[in-house]
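This report describes the architecture, helix contacts, aromatic pairs and selected residues of one protein. The sequence and the structure come before the description.

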Amino acid sequence: MGWISPNFITILVVLGVSATVCFFDLIQSDLAVFTFVLAGWVASVCLHEFGHAVAAWYGGDRSVAHKGYLNLDPVQYVDPVNSILLPVVVLALGGIGLPGAAVYIETRFIRSAWWLSFTAAAGPLMNLVLLVVLALPFMLGLDLWGGGTRFWAALAMLAFLQATSVMFNLLPVPGFDGYGIIEPFLPDSIVQRIHPWRFVAPAIVLVALLAIPDFGRAIIDKAGAMTMTAGVPPFRIYEGFGRFRFWKRLGALDGSVSFALDRAASDRTPSV
């Protein structure tokens with residue numbers, strides 16, 4: 001299917017170096033947490049899109065190989081504004097892993113409606129797998145055995161971002177994977193009516209995310225519950241956000257992230 005791109009290898013090197021710095025506390029700076037989380041998030045976006053591309057390839061669309069989608073090259077998935085600038089701004093301000101990349105599938109080559117649906121679902125499924133992998137050390141209690149607090153805080157935040165990506169991508173809105181999952185089974189008349197909205201709907205959702213606090217809180221609430229179910233302690237997520245936003249007061253977590261995580265944690269605490 002192709003070689004792993006040098007750009008993705010570079011991201012992995014940055015991720016590995018920043019993770020090592022955080023784990024061994026080699027630099028007493030939360031800039032290392034910011035770098036760790038950002039590199040990890042970009043890598044997860046590449047894997048999300050790679051999931052779509054692999055499913056499409058097995059489903060019959062071999063053009064994804066010629067387009068470079070199977071090489072995990074972030075350059076093939078992104079444009080500077082929609083794929084880098086906007087997601088980073090939303091990540092920094094709202095604490096949500098905004099989907100910003102895309103692969104363009106030649107749907108006429110996909111062999112069935114079920115394969116089309118699976119191709120759309122493959123991206124969020126990849127994020128779900130990453131969530132489990134990132135949460136595994138917490139499930140095993142490894143965070144209690146050693147390593148710098150910055151490392152575990154960053155890892156918890158990365159796990160949480162996978163959950164927000166799953167929740168956000170599964171919205172049944174044109175332009176998102178949730179709609180792509182159900183679209184192959186909709187009547188053609190409905191698809192034709194909805195089609196013009198696929199380029200506008202994501203912008204409407206983004207505006208709603210920034211303008212309607214309860215909307216963002218609902219996504220963070222569900223993502224927080226999902227992350228905690230996977231075994232990640234909520235206080236690690238708190239600390240991750242506080243350290244990631246190093247330009248704010250250390251440990252401060254404000255706005256919708258704090259409120260929603262508090263609610264998610266309380267909902268999972270049995271009453272007596």
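## Terms and basis

Contact means heavy atoms within 4.5 Å. Helices (H or I, at least four residues) and strands (E, at least two) are DSSP runs, numbered from the N terminus.

The model is predicted: local features need pLDDT of at least 70, side-chain atom pairs count only at pLDDT 80 or more, and totals for chains, interfaces and linings use all residues. Residues are numbered from 1 along each chain as its sequence is written, and side-chain values use heavy atoms, with hydrogens and water left out.

## Overall make-up

The protein has 13 helices and zero strands. Of its 272 residues, 48% count as buried, where buried means under 20% relative accessible area, exposed means over 50%, and partly exposed lies in between (1.4 Å probe, protein chains only). Among contacts between residues at least 6 apart in sequence, 74% join residues at least 24 apart.

## Helix 1 and helix 2

Two packed helices are described by the angle between their axes and the distance between the axes. Axes are lines fitted to C-alpha atoms, for helices over the stretch in contact, and angles run from 0 to 180 degrees between N-to-C directions. Helix 1 (residues 6-23) and helix 2 (residues 31-59) have axes that come within 8 Å and cross at roughly 145°. The crossing of helix 1 with helix 2 is left-handed; a crossing is left-handed if the near helix is turned anticlockwise from the far one by less than a right angle, and right-handed if clockwise.

From helix 1, the residues F8, I11, V14, L15, S18, A19, V21 and C22 meet A32, V33, T35, F36, A39, G40, V42, A43, C46 and L47 of helix 2. This contact of helix 1 with helix 2 divides into 15 nonpolar residues, three polar and no charged. Ala, Val, Leu, Ile, Met, Phe, Trp, Tyr, Cys and Pro count as nonpolar, Asp, Glu, Lys and Arg as charged, and the others, Gly among them, as polar.

## Helix 6 and helix 7

The axes of helix 6 (residues 113-139) and helix 7 (residues 149-169) come within 9 Å, crossing at roughly 155°. Helix 6 and helix 7 are therefore roughly antiparallel to each other; angles under 35 degrees count as roughly parallel, over 145 as roughly antiparallel, 65 to 115 as roughly perpendicular and the rest as oblique. The crossing of helix 6 and helix 7 is left-handed.

Helix 6 contributes P124, N127, L128, L130, L131, L134, P137 and F138 to the contact, and helix 7 contributes W152, L155, A156, L158, A159, Q162, A163, S165, V166 and N169. The residues of this contact of helix 6 with helix 7 comprise 14 nonpolar, four polar and no charged.

## Aromatic pairs

The structure holds 13 aromatic pairs. Rings of Phe, Tyr and Trp (its six-membered ring) pair if their centres lie within 6.5 Å; planes under 30 degrees apart count as stacked, over 60 as edge-to-face and the rest as tilted. F138 and W152 form an edge-to-face pair, at 5.5 Å centre to centre with 70° between the planes. The pair links distant parts of the chain, with F138 in helix 6 and W152 in helix 7, 14 residues apart. Both F138 and W152 are buried.

Another pair joins F168 and F176, whose ring centres are 5.4 Å apart and whose planes lie at 70°, so the pair is edge-to-face. F168 is buried at 1% relative accessibility, and F176 is buried at 8%. One aromatic cluster is formed by F23, F24, F36, F138, F151 and W152.

## Positive phi values

Most residues other than glycine have a negative phi, and most peptide bonds are trans. D25 has a positive phi, near 50°. D25 is in the loop between helix 1 and helix 2 and is partly exposed, at 30% relative accessibility.

L72 also has a positive phi, near 60°. Its place is the loop between helix 3 (63-66) and helix 4 (74-77). L72 is buried, with a relative accessible area of 8%.

## I181 and A120

I181 lies in helix 8 (residues 177-182) and is partly exposed, with a relative accessible area of 22%. Not counting residues up to four places away in sequence, I181 touches S117, A120, A121 and L170. I181 and A113 are 68 residues apart in sequence and 9.4 Å apart in space, C-alpha to C-alpha.

A120 is in helix 6 and is buried, at 11% relative accessible area. With residues up to four places away in sequence left out, A120 touches H52, D177, G180 and I181. A120 and Y179 are 59 residues apart in sequence, with their C-alpha atoms 8.4 Å apart in space.
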